[in-house]
Amino acid sequence: MTNVKIVEVGPRDGLQNEKHTVALATKLELIERLAAAGLRTIEAGAFVSPKWVPQMADSAQVLAALDLNAGIDYPVLVPNDKGLDAALAAGVREIAVFGAASEAFSQKNINASIAESLQRFESVMKRALAAGIKVRGYVSCVLGCPYEGDIAPYKVAEVARALYGMGCYEISLGDTIGVGTPNKVTAMLDAVSEVVPVARLAGHFHDTYGMAIANIHTALQAGVRTFDSSVAGLGGCPYAKGASGNVATEDVVYLLHGLGYHTGVDLEQLADTAWFIAEALVREPGSKYAKARGLRS
Ligand SMILES: CC(C)(COP(=O)([O-])OP(=O)([O-])OC[C@H]1O[C@@H](n2cnc3c(N)ncnc32)[C@H](O)[C@@H]1OP(=O)([O-])[O-])[C@@H](O)C(=O)NCCC(=O)NCCSC(=O)C[C@@](C)(O)CC(=O)[O-]
């Protein structure tokens with residue numbers, strides 16, 4: 001059976017966009033449960049400005065409580081050298097820099113143009129790689145932007161090529177506001193895979209219009225074998241009213257197992273975890289799978 005890698009981003013991308021800020025102990029129990037369910041890459045936090053994203057302000061405490069030698073990767077987001085200093089002090093082994101294919105989104109998200117952001121990342125990456133830290137690169141707004149609308153595939157390819165050229169081992173392509181549809185996914189992947197090998201690409205789909213599973217299926221057919229997702233479909237997007245979170249990990253695992261792929265994830269334990277975090281956030285899980293299965297104690 002072919003393997004598909006899942007990068008669980010619920011504790012970071014999910015929780016950064018939830019209305020309720022969860023307690024440190026709840027975050028840690030969430031991460032522990034995700035690891036017990038078989039997830040081997042769990043994005044654990046972000047060393048960004050706490051004024052911009054208060055939900056990630058406890059990232060150093062999260063990292064301090066995790067066993068970083070347990071065979072699980074716990075990447076964190078880093079936007080600049082200051083963030084890298086904090087990540088190095090926390091002992092992280094992997095970071096992710098995050099850029100965008102849209103100028104307007106780049107300004108709103110990290111207060112920098114695309115060119116300025118790439119300059120910042122170059123400095124971060126040189127230091128990180130010299131310290132033996134793996135670096136992943138995100139490109140946001142690959143299928144549309146809340147400010148600029150449609151984004152041309154060549155713009156995504158330009159940013160992806162720059163990040164890959166700096167030494168990112170993988171480029172995660174983010175449909176940040178979940179507006180993509182399968183034909184757009186194909187056109188975007190056609191352009192990006194001309195400059196970055198498809199084996200080095202990951203799909204990161206939000207599910208605002210219910211298209212994420214269809215888009216993942218399309219990306220699988222194009223050869224992508226790594227996908228980001230959030231347990232319980234946690235999250236939203238502060239820049240797009242009504243936007244929902246990442247595609248739910250349970251729904252992705254259900255799709256992948258149904259197609260005969262191996263993920264290493266125990267779907268029942270994952271669904272229990274979805275209910276655990278949904279209850280902590282006083283809401284239902286955002287996944288079809290967890291809702292259809294129901295809460296089991
Ligand atoms: C990048 C900055 C910091 C620029 O923000 P800025 O205001 O331009 O930064 P600055 O360098 O002028 O510094 C201003 C203040 O921030 C502090 N500061 C500066 N850097 C840091 C840092 N690393 N950690 C902690 N503090 C920091 C700095 O020390 C100073 O503090 P003050 O003197 O005012 O007290 C800011 O815009 C920021 O933190 N943005 C992060 C936004 C963010 O996290 N967005 C969500 C993640 S991206 C995403 O979710 C998309 C993704 C990845 O999932 C894929 C997809 O779906 O598309």
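Predicted model: local features only at pLDDT ≥ 70, side-chain atom pairs only at ≥ 80, totals over all residues.
Residues are numbered from 1 along each chain as its sequence is written, and side-chain values use heavy atoms, with hydrogens and water left out.

**Stop 1: the sheet**

Switch to a cartoon view and look for an open sheet of eight strands, in the order E1-E8-E7-E6-E5-E4-E3-E2, with parallel pairing. Strands (E, at least two residues) and helices (H or I, at least four) are DSSP runs, numbered from the N terminus, and two strands pair if DSSP finds at least two bridges between them.

Now select 5-8 and 45-46: these are E1 and E2, the edge strands, and each has a single partner, so one side of each lacks a neighbour in the sheet.

Next, pick residues 76-77 and 94-100, which are E3 and E4, paired in the parallel sense over two bridges. Leu77 has Ala96 of E4 as its bridge partner.

**Stop 2: the ligand**

Select the ligand, which sits in the largest pocket. A pocket here is an open set of points on a 1 Å grid over the protein atoms alone, where a 1.4 Å probe fits, with protein on both sides within 12 Å along at least five of seven lines; sitting in it takes more than half of the molecule's atoms within 2 Å of its grid points.

Show the 26 residues around the ligand (a heavy atom within 4 Å); Gln16, Asn109, Asn111, Ser140 and Thr176 come nearest. Helices H1 (10-14), H4 (81-89) and H5 (103-110) and strand E5 (134-140) each give at least two residues to this shell.

Zoom in on the polar contacts (N or O atom pairs within 3.5 Å). A side-chain N or O atom of Gln16 is 2.7 Å from a ligand oxygen. At Phe47, a polar backbone atom lies 3.0 Å from a ligand nitrogen, and at Gly83 a backbone N or O atom is 3.3 Å from a nitrogen of the ligand. The protein covers 73% of the 1100 Å² of accessible area that the ligand has on its own (Shrake-Rupley method, 1.4 Å probe).

**Stop 3: two loop residues**

Finish with Asn111, in the loop between H5 and helix H6 (114-130). Asn111 is not a glycine, yet its phi is positive, about 60 degrees. Then select Cys141, in the loop between E5 and helix H7 (153-166); the phi of Cys141 is also positive, near 60 degrees.

Technical notes: Polar contact = N/O pair within 3.5 Å; in protein donor to acceptor, adjacent residues only side chain to side chain. 1 Å grid on protein atoms, 1.4 Å probe; cavity = no way out; pocket = protein on both sides within 12 Å on 5 of 7 lines; lining within 4 Å.
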